[in-house]
Amino acid sequence: MEVIQRDKFESKIDGSDLVSRDLSWIKFNFRVLDQSKKQSRTIFEKLKFLAITASNLDEFFMIRVGSLYNYLDYDKERIDYSGLREEPFKEKLMLDSQDFHEQQHEHFINNILPSTRESGFILSNVKNLEDEEQEYIKEYFFKAVYPMLTPMVFDGYHTFPILMNKLLIFGVVTINPGDKKDNRKLSFVQIPSNIPRFFEIERDEEMIFVPIEEVIREHIVSLFRNVIIESINLFRITRNGDFTLEETEDMDSNFLEEVKRKLNERKTGRVVRVEIEEGYSKWMMNLLKDRWNIQKDSVFKVKKESMLDFTSFWQIIGNRRFKDRIPQTPVTVPPLSYPQAGVQGSQDIFQVLKQKDVLLHHPYNNMEPILELLNKAAEDPNVMAIKMTIYRLAKHSRITTALLKAAENGKHVSVLFEVKARFDEENNMQEAKKLQKAGCFVIYGVSNFKTHTKLMLIVKKDENKVTRFVHLGSGNYNEDTSKLYTDLGLLTTNEVLANDVSEFFNVITGHSMPSSYKNLITAPQGMRSGLINFIECEAEHARQGLPCGIFIKVNSLEDSETIHALYRASQSGVPIKLIIRGICCLRPGRKGLSENIEVYSIVGDFLEHSRIYHFHNNGDLRTYAGSADMMVRSFEKRLESLFRVQDPFLEKQLMNILAYNLKDNVNAYMMQEDGTYVAKSPQNDEVEFNIHKEFFTITPDIVENVKLI
C-alpha cells in the first residue's frame, strides 16, 4: 500500500525542474544521520550526531511542517516546487518523515545499543538494576521527582490541559473499580524539563543511565491510588512554532511585547506531530487525534526497545567520566594573513589593520582578533564610536561585556539586536536591555526585515585623522558557535568598504536609501539582481568562447529566479560547481537543463556555515563572502550583505576554501539528478582528504598555488 502511495507522487516530483525545499531538507538530515553510522566514529560521536538529527527534526516540524499546516488549516493555496498541492504534499512529506524516523530508531536499536557496555555505560530500566540501586532510585523518586509531578485529568468536569511542546508526557487511562470500560478517564503527567533526563548510577567499571520516564513508570501507581490503571502511554508532541510577526514601524516596547506574546503562542500552537511508544491505547489515541485534528500519518510510533527524544543524549556525551573519550578539536591556528595573532607581545591590532587586511576562517582561527579589537576599542580614549549588528550571542557573551565597557567609558555605541532571530528571541531581548540601560543606542530590528548581516564598525581618531576599522562576516558574533561552525570574517580599514559599511549602518539605524555600494551587495535591494547579473556575464563569456566559471558555497539554494539563471548559464556552457550544505532545490546534471552543474554537500565534524561566491569573469575575478544564502527570504525578507574580497592573497584564500571543499572525499556527498545524494570516498590510490583536518595545516604556499579552473 505504501509503495502505491509513493508511486502516485514520484512521476509529478520527477517531472519538476525544481526539487522541493522540504523534501531536500529531509535528504540533508539523512546525511547527518549517516555521520552517526560511520564506523570510524566513537559511540559518543554517534550519539552526538543522532541527537543533532533529532533536534533538527524537532525544528523542522515546528517551523516547516507548522508552516504547511498554516496553509491547510486556513484553506490557503500552496504549490510546492515538486508540483504538489497542500494535501498531497503533506502526504508525501509525512511518508518521507516516517521513513527517516524509522531509520533513526533502527540505527539506535541495532548499532548503538549493543555497543554501549563496551564503551563504559549502560542504558537500563529500573527492573534490571541491583536491589540496592532500585532502593536508591525509589528514594530519589519520592524525594525529588514525585513532588514535581501533577496528574491532570480530562473528563466532563475538567478541561483538556495544555500539554507542553517537546516534553515527555504519560497518558494514563484509568477506570474506577466497578465502573464499565466506557467510563474510562484520561490523565496526563508531564515530566518537567528541569528534571535531568537520566538518573545516573556510578559503578566501578561503568555508568548506568536510567531514563527518567522509566523511573516514573515504575512508581506511577503512586499518583493513581484506588483506581484501575488500564494503560500507561508515553508520548511527546511537537507544536507549530511558525509565526509571522505583525510588525509595524513602531519598534519600541510595543514591539517587544508582541514578540513576547508570540513566544507564548509557541506553547499552545497546533499539534503537528505525536511521537508515542508502540502498544498505546487506541481509545486514547483516537481521542487525541480528534482533539488535535491530526491524521494517522502524524503519529510516529517508537519501539519499546528504543526511546523518545534523542536530544537527551547530550547528558551522556557531556558526562565528566567520558571527557577523555571524546575526540578533541585541534588547537586553533593563527590566520594566514595575521600569523602573529595570539602571540604574546605581538603588534597592536589597530596598527596591523592600518597596514593590511586580515581574513579569519573559523573554527580553524579563533575569534580572539575580533574580541581583541573590540576590547581595545572599548578602552582606547581615541575611539569615538562602535556600531554592530547582532543576530545570535553566546550565553555569557564577551561581546556584550566589551560593549558595556565601551558605553561606561563614554563611547557612542549603536547596536542592532535582531529580536526575531528564531529561538534566540528571549536571550537577545535580555542582552539588548542590558545595553540600553547602560546608555547604548539599541535598535530592535528594522521594519519588516530580519537583520541577518554581520557587521561591526569602529571609529577611531588619531592625530587629526579618523580611521574606520570594519569587520564583515558570514557568522554570528558568538564565541560558542565559532568553535563549531565554519565561518569567514574580514577585518579591514579599506576606505571603500568602510564607506559602504557606514552607509549601510545609516540604512539600518536611520532613514537612508543609498543609490549604490561599491564593494557591498545588499538585500533586500539589489542582491538577487546583482548575483543574476554576474551569472549572466559568465553565460555571455561562455557564448563568446572566453574563460568562465561559477563556484558558490552556501548553506541553502532555494530561490527559483537564481536557479533558472544558473540553468541558463549551464546551457550556455558555463562550468558550475555548487557546494550546498543543506537544502538544494536545483537539479544538477539533467539533460538539456543543467548538464554542466555539479552539486556537493559537506557534512562532518563542523557545521559548514560560510558563504562564498566566486565568478571567473574572463580572468577579472569577482569573489564575495558574507551572510546571505540563495533563498527567497535572504533576498526579500532580510537585511543581508556580501562583501567583495579584492586583496590578492585573501581572494586566493577564499578560492582555496572552495578548492578544498571540492577535493574532500571524507565529508562530501554528490547530489544526483533525482535529488538523492551519494557519498564520496577515496578512489583507487587516493588518500583521504578531510577538510575539517586539512585547514588546520594550510600554508601560504598552498594558497598561492590554488587553481579552480
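Here are some notes on a predicted model, meant for someone looking at this structure for the first time.

1. **How S1 meets S6.** Strand S6 covers residues 207–211, runs parallel to S1 and is joined to S1 by 3 bridges. If you want a spot to look at, Ile122 stands opposite Ile208 in S6.

2. **Aromatic pairs.** A pair of aromatic rings is described by the distance of the centres and the angle of the planes. How many such pairs are there here? The count comes to 34 aromatic pairs. Take Tyr140 and Phe199: the ring centres are 4.5 Å apart and the planes are at 40 degrees, so this pair is tilted. Tyr140 belongs to helix H5 (residues 131–145) and Phe199 to strand S5, so the pair ties together parts that are 59 residues apart in sequence. Is Phe199 buried or exposed? Phe199 has a relative accessible area of 9%, which means that Phe199 is buried.

3. **A cluster, and two charges over rings.** Tyr364, Phe606, Tyr660, Phe689, Phe695 and Phe696 form one aromatic cluster. Elsewhere in these notes on rings, Arg31 lies over the face of Tyr677, at 3.7 Å from the ring centre. The charged end of Lys460 sits over the ring of Phe350, 4.9 Å from the centre of that ring.

4. **Two packed helices.** Helix H2 (residues 21–37) packs with helix H3 (residues 43–73) at an angle of about 165 degrees, and their axes are 7 Å apart. Angles over 145 degrees count as roughly antiparallel, and H2 and H3 are therefore roughly antiparallel to each other. Their crossing is left-handed.

5. **Strand S24, an enclosed one.** Why call strand S24 (residues 622–626) largely enclosed by the rest of the structure? Because 5 of the 5 residues of S24 are buried. In a regular strand the side chains alternate between the two faces of the sheet. In S24, Arg622, Tyr624 and Gly626 point one way and Thr623 and Ala625 the other way, and all are buried.

6. **The partners of S24.** Strand S23 (residues 612–615) runs antiparallel to S24, with 4 bridges joining them. Tyr613 has Tyr624 as its bridge partner in S24. S23 and S24 form a hairpin with 6 residues between them, and Asn617 in the turn has a positive phi of about 55 degrees. S24 is also joined to strand S25 (residues 638–644) by 3 bridges, and these two run antiparallel. Here Tyr624 turns up again, standing opposite Arg644 in S25.

7. **Two residues for getting your bearings.** Glu91 is in helix H4 (residues 86–112) and counts as partly exposed at 23% relative accessibility. Between the C-alpha atoms of Glu91 and Pro524 there are 34 Å, with 433 residues separating the two along the chain. His564 lies in helix H16 (residues 560–571), and at 33% relative accessibility His564 is partly exposed. The C-alpha atoms of His564 and Lys301 are separated by 40 Å, and the two residues are 263 residues apart along the chain.

How values were computed. Residues numbered from 1 in each chain as written. Predicted model: local features only at pLDDT ≥ 70, side-chain atom pairs only at ≥ 80, totals over all residues. Heavy atoms only, no water. Pairing = 2+ DSSP bridges. Phe/Tyr/Trp six-rings, centres within 6.5 Å; stacked < 30°, edge-to-face > 60°. Buried < 20%, exposed > 50% of the residue type's maximum accessible area, 1.4 Å probe, protein only. Lys NZ or Arg CZ within 6 Å of the ring centre and 35° of its normal. Axes fitted to C-alpha atoms, helices over the stretch in contact; angles between N-to-C directions. Parallel < 35°, antiparallel > 145°, perpendicular 65-115°, else oblique. Left-handed = near helix turned anticlockwise from the far one by under 90°.
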